[in-house]
Amino acid sequence: MRACPCCREVLTAGILGLGVRRLAGGCEVCGDTVCQVCLGTQVLDAEAFRQRPSVPGATAGRKARGRVCRGCWWEYLTERGVSPPFPAPPGQRERATRAAREACQHPGVTQAMGFCPDCGDEVTWKAEYDNPVCTACDAPSHPRFNACWACGESFDEANAPEPVALGYRLEFDCDSEDCLGKLAWLMPFCPWCGEAKHWEPASGGALECTECDRPLDRAWAHCVRCGEEAPLPDDCGRCGQDLEETPSAARCEACHHIVCGDCFDTRVVPAAHGVSHERLLCSKCGVGFARPAPPEAPPVEDDEVEEEEEEEEAPEPEPAAPVEPPREPTAWEVLGITPATPFAEARRAYLTLVAQYHPDKVAQLGPKLQALALEETRKLNEAWELVRRKTSSPS
């Protein structure tokens, strides 16, 4: 049955003229034909009526009266900083979501993502590292895979599964019989046996998707069915503290659970190739891993020692004016605030800064830039801990 594109209510014929909902006319801003409940007469800027012919410059600064739907009226008020007296109609929200999806270039998509983390749109796999493609569906593959992970087509090969294969990190065990293969996050098919995968939550459905009501795992950032962003849990996944009352929170890079600031820390984890790197881990995943060591002073070379001895033998020059060493910034200066800043604003400044260096945002950068982001995150965490202790929390 047809529905009004603004309020999304089903159109009804009505009985004896009662309870009727029909299309009453077109909006002169968006052009949609809406029902009589959503259509009204409003005074807008003349150039806002895009469905009317206008002369350039002739309507500048002039007001005009015309028929406007509730969705366009809501947008007109919010663009001018006025709070509408009614919530955004469902049709307007769908239109805004659709426009955002059409404009999104998927900048946050990385390998092993089935949906764009910014707009929720389903994305296709990208071929990397000169890897081959499936002969059945042209999906990117890998020489060590026995089947295509996009269409399930078998390659008739008997390769031994490996946990890491040139950029494709396979961290999940295949649950089909007689298959010892590994899967990457959101693979629709096992690359070793070709069996379809239906990612079920391991937590027993503690959360639900707000779009399709599918049970979600606490560690999921997006729904595996529709791509909608998963709601944040109410409490810390480790200590149970209310996340709304915690000064900071973060997602563990190992188990992906959201934990409070008291339950995560930076740890040094050895990589598969033998080089250790720093990761943000929760109190459970960080067990057994040490904290980063403070930077050591560079060793003194023999040539430098000889130069120092020669300088000691030379006559001492006249004493120069003492040069003050560069002052280390205070914790408040690191966060860009002053000691008089209220607790809520200080916390907001910390969360804004630390989000810029989150590992998800620097995952595609080089190792040096990733190490720099980790160092900046460490400085921000230390500064916030000092500010939090010395700033009285609001009662």
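Predicted model: local features only at pLDDT ≥ 70, side-chain atom pairs only at ≥ 80, totals over all residues.
How do the rings of Trp 73 and Tyr 76 sit relative to each other? They form a stacked aromatic pair, with 5.8 Å from centre to centre and 15 degrees between the planes. Both residues belong to helix α1, which covers residues 70–79. They are three residues apart there, so about one helical turn separates them.

Now look at Tyr 350 and Trp 384. Their ring centres are 5.2 Å apart and their planes meet at 10 degrees, so this pair is stacked. Planes have to be under 30 degrees apart to count as stacked.

Which parts of the chain does this pair link? Tyr 350 lies in helix α5 (residues 343–356) and Trp 384 in helix α6, so you can trace a link between distant parts of the chain, 34 residues apart. Are Tyr 350 and Trp 384 buried or exposed? Both of them are buried.

The model has four aromatic pairs by the rule used here. Elsewhere, ring pairs join Phe 145, Trp 149 and Trp 192 into a cluster.

Rings can have charged neighbours as well. The charged end of Arg 52 sits over the ring of Phe 49, at 4.3 Å from the ring centre. In the same way, Arg 70 places its charged end over the ring of Phe 86, and here the distance to the ring centre is 4.1 Å.

## The second largest pocket

Let's finish with some empty space. A probe the size of a water molecule, rolled over the atoms, shows where such space is left. The second largest pocket has a volume of about 630 Å³. Its lining is made up of 28 residues. Which of them lie nearest the centre of the pocket? They are Asp 265, Thr 266, Arg 291, Arg 378 and Glu 382.

The largest share, seven residues, comes from α6. What kinds of residues line the second largest pocket? The lining holds 13 nonpolar, six polar and nine charged residues.

Terms used. Residues numbered from 1 in each chain as written. Heavy atoms only, no water. 1 Å grid on protein atoms, 1.4 Å probe; cavity = no way out; pocket = protein on both sides within 12 Å on 5 of 7 lines; lining within 4 Å. Points joined across faces, edges and corners; volume = space filled by probe spheres on them. Helix = DSSP H or I, 4+ residues; strand = E, 2+ residues; numbered from the N terminus. Nonpolar A, V, L, I, M, F, W, Y, C, P; charged D, E, K, R; others polar. Phe/Tyr/Trp six-rings, centres within 6.5 Å; stacked < 30°, edge-to-face > 60°. Buried < 20%, exposed > 50% of the residue type's maximum accessible area, 1.4 Å probe, protein only. Lys NZ or Arg CZ within 6 Å of the ring centre and 35° of its normal.
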